[in-house]
Amino acid sequence: MSAINLTINETEIEVAPGTTILEAARKLGIDIPTFCYDPELSTNGACRICVVEVEKARTLVASCVAPAGSGMVVYTESERVINARRAILTLLVANHPLDCITCEKTGECKLQDYCYRYGIADSDFGGEVKELPDDDTNAFFVRDMNKCILCGICVGKCQEVIGAGAIDFTKRGFIANVGPAFEDAIEDSTCVFCGLCIDSCPVGALTPKYSLGRGRPWQVEKTRSVCPYCSIGCNVNLHVKDNEVVGVSPVEINPVNRGHLCVKGKFGWDYLKSGDRLTRPLVKSNGAFVEVSWEEALGLVTASIDEVKSRYGSDAIMGLCSPKVTNEESYLFQKLIRSLGTNNVDSYTRHCHAPAVDGMMEAFGSAAMTNSIKELSGAEAIFVIDADPAESHPIISYRAREAVRKGGKLIVAASEPIGLTDLAHLYLPLKEGSAVALVNAMANIIIEENLHDQAFIERRTEGFSAFKSAVAKHNVQYAAEITGIGENELRSAARTYAGAGKAAIISTVSTDYSAAGGGLVLALANLALLTGNLGKESSGLYLPYGENNLQGVSDMGVLPSVLSGYQSVKEKSVRAKFSRSWKTEISEKPGLSVAEIFEQDKNSAVKAMYILDENPVSCFGGEDSETVRFLGSLDFLVVQDIFMTETAALADVILPAAAFAEQEGTYTNTERRVQLAHQAVSPPGEAFPGWAIIAELAGWLGFEWSYEGPGDVFDEMALLTSQYAGISYDRLDVQSLQWPCPSKEHPGTAFLHEGRFSRGLGLFSVVDHVQAAELEERPTSECAVAHHACQCQSESMSKRSVIDNFTRTCGR
Amino acid sequence: MSIAIETEEAVTEEIDLSKVDALIEPYIGKKEMIIPALQKVQDHFGYLPRSAVEQVSKRMRTPLSRLYGVATFYAQFKMKPRGRYIIRVCKGTACHIQGSPKIAERIEDILGLESGETTDDLRFTLEEVACIGACALAPVIMINDDPHGRLTPDKIKDILDSYQ
């Protein structure tokens, strides 16, 4: 089809067929007012404020729905148009509380702006006005539906984008309203408190409680940062007034969350102002903590570490790092521990996510998530198994919904209905613990019906024939018995997945560190290899991590056997490279792991620990546990944190650190995207950014480090780490980048394994269904929307935040 | 003024959700069919009990808010229990001239309710309709499917008494 030429306000423009008049006008920079239009929602052309005059058309047309036509002559601000808009505004204002003096929306209210633009001060239409009571029963926001203009944006966002389906239009005529079913309070509805309705409301009907009376829109400064909760790494604007965060909004244009958030990002930051924040260094004296100067605290840490080192040797020292700290902080942490002569440095990364990490390493040679979050919306089929992304990683569920809106097929296999079930074309309510059998049966059907990608298998994989004969026993009868899913559904699932040009798999087995998870990851890898759904856009395996910087902390070398970029300490050339840069010798002996320390009783050699923002007492055992006894038996324990935790309480020295909003630094999200967060406010009291504390301590310990800021730390790391080599703060300030990014010109890598797997060929594995009873009992980690992953750092944040209310009210 | 049954327990007890499943079975997986599904449920219960709508929501995988939105948009759907007998008082022009306001007033007096309400014993529900197309019988009412025409207020009591 040929392009369309039209004239808008006497300027000619050429647009693609299907472009609306509104879109064409916006391309010309012409501002047509809109209320009910939102580019990511289905349009209904209901509010009429966007009407324009089209020559030879009988009536004014709604530009948001009217397609541009060839030869059209459009006027967006003619007298007729202005009169129509004035009439609409006058009608809206007739039933709108004009309390703009106190309304929180003043200054960014569309109704106010358009009334200003068209000179509407009040309304000549007398008559009834709505007198609805506020709904402020929930902990998060106030709904004043008297201000609602019924544009329906919030309904569309809640139903289409988020999928919560908490609100819809109710009733009709004058009493029409927007709200939950049966006039319930929002708190009693299916609302997930993502805040998208608040962020998209054009008027002041919805106001977050934290913003009430906390400053006008023009009084707050917005600083760009990254949400500190899950591994998606949503881009947020921190609203700052008087050195205090008073609000959060999603960054509209970015490849990660694109204007969307969940309850954690929207509401979960108020812990920053918690009275529990650590503000001065503390030293334990006669069983109680006393506040001391930084000099005294660091002096004591230095003396104690030196003593343990000279008495027991370097391997008596161990560092434990949280997966929440910045790349810079974690890089310096492992550098410090290794500079002390030991590789005893670890985080819970491998431990909590062992199934995903091990499975992906085995099959593909890289543990990182294969594809990007934004690509998910382009998938033609999505297979969700043993996951509830609406709970664990809401942005992933929003993208899956988007894929369905674009025509993609959704298969959901879960033992209980999940947040995406409502949308699924195929819902497979499988018996608990039978996921591997289901996936194997699908693979078998795909082979049986010749739906597999023979060329891909031959060219890019190995181990197919062994795999083929192994899954042959997973015929539909066998699988139906184990999974409870009938033959028709099994075949339909297999055909849908294999039939799509681009099919993606979502599973959160990575946050379920049970033994069954490992088998499932391999089975899913088989399925993707079998159908060639790897190494291309909108396909692959989405096994998102838990904590926000789990990827980055691993990349930085906070692992006992590898340095940054997964370079092995056993390799002489690697050690030589790092030794040259660090001006220190690096031990070739792999260090102790978290599991060895806390689960396998191999900790007797460790006499001193440095724990960074981590709470092993809460993660491993609680009050009267082996963990507490071990930590209590140490000669010396130093904990660096933002809060007094159960673990910090056992420390000899506590160092107060800055939280995410209080420092500059980078984080790497679960799709390997390196993102720069800026400092919005100063840390409380004498707290300092973690990287600066470590750098300072290194000086006390006799190492000559010199960093002007976190950017210098990043540059040093990038020089030593090929995946990050082309990334710098200058580049990140403009846009985030996904590693591998080997050079300054490289645009970053959206998806892995294109043309070649990290291990060469993709490896098929033989995985059998294992009866639940035969599985080793291991705890599965909590993965609820308001908390995340293990009850470690996230919990110490969320339990001091209003979002703690959400877990309670929803009973999740 | 009568208040329609509000005792949740009493209402809940009557709701046999297995019946709901059977009623909406033909519409499962067809989200565009929520109106016929709600009609079936209403045909069965006489109105849309909350627990039944919740069951429809679950089975049809459609948000409760959407079902409620649809149900409260259309006048045909009733959210409260209705009487065994639905009295429709014609408020068309011919009936109005022939005295329908007085007819309505008398019914309201006898039953103690206003238009749109239901008696406590669930015997009658009173509604006003625009025109039932029987102007020759004005003023006219219908009780379920029976028309009663050429009414005077004094005839009302006997007519109502005949519906037990």
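**Strands, helices and contacts**

Biologist: Which residue stands opposite B:Y85 in β2(B)?

Modeller: B:F124 of β2(B) stands opposite B:Y85. The model is predicted: local features need pLDDT of at least 70 and side-chain atom pairs pLDDT 80 or more, while totals for chains, interfaces and linings use all residues. Residues are numbered from 1 along each chain as its sequence is written, and chains are lettered from A and ligands numbered from 1 in the order in which they are written.

Biologist: In which sense do β1(B) and β2(B) pair, parallel or antiparallel?

Modeller: Strand β1 (residues 85–90) of chain B pairs with β2(B) in the parallel sense, over 6 bridges. Pairing requires at least two DSSP bridges between the strands. Strands (E, at least two residues) and helices (H or I, at least four) are DSSP runs numbered from the N terminus.

Biologist: What is the strand order in that sheet of chain B?

Modeller: The order is β2-β1-β3-β4 in an open sheet of 4 strands, and the pairing is mixed. From one strand to the next, the twist averages 20°.

Biologist: Which strands does α7 of chain B lie across?

Modeller: Helix α7 (residues 100–111) of chain B lies across β1, β2 and β3 (141–143) of chain B, and runs at about 150° to β1(B). Angles run from 0 to 180 degrees between N-to-C directions, with axes fitted to C-alpha atoms, for helices over the stretch in contact.

Biologist: How many helices and strands does chain B have, and what are its domains?

Modeller: Chain B has 8 helices and 4 strands, in the sequence pattern α-α-α-α-α-β-α-α-β-β-β-α. Its domain assignment gives domain 1 (8–73) and domain 2 (85–161), and the centres of these two domains of chain B, taken over C-alpha atoms, are 30 Å apart. Along the principal axes, the C-alpha atoms of chain B fill a box of roughly 50 × 30 × 25 Å.

Biologist: Now the interface: how many residues of chain B are in contact with chain A?

Modeller: 12 residues of chain B are in contact with 16 residues of chain A; contact means C-beta atoms, placed from the backbone, within 7 Å. Helix α5 (residues 64–73) of chain B supplies the largest share of chain B's side, 8 residues. By class, the side of chain B that touches chain A has 5 nonpolar, 4 polar and 3 charged residues.

Biologist: Over to chain A. At what angle do α13(A) and α16(A) pack?

Modeller: Helix α13 (residues 435–448) and helix α16 (residues 476–483) of chain A pack at about 160°, with axes 9 Å apart. That makes α13(A) roughly antiparallel to α16(A), a label for angles over 145 degrees. The contact involves A:A437, A:L438, A:A441 and A:I445 of α13(A), with A:V476, A:A479, A:I482 and A:T483 of α16(A). By class, this contact has 7 nonpolar, 1 polar and no charged residues.

Biologist: What is the order of the sheet with β29 in chain A?

Modeller: The 3 strands of this open sheet run in the order β28-β29-β30 (chain A), with antiparallel pairing. β28 (665–668) and β30 (737–738) of chain A are at the edges with a single partner strand each, so one side of each has no neighbour in the sheet. Strand β29 (residues 673–677) of chain A pairs with β30(A) over 2 bridges, and A:R673 has A:Q738 in β30(A) as its bridge partner.

How values were computed. Contact = placed C-beta atoms within 7 Å. Nonpolar A, V, L, I, M, F, W, Y, C, P; charged D, E, K, R; others polar. Parallel < 35°, antiparallel > 145°, perpendicular 65-115°, else oblique. Domains from an automatic or database assignment.
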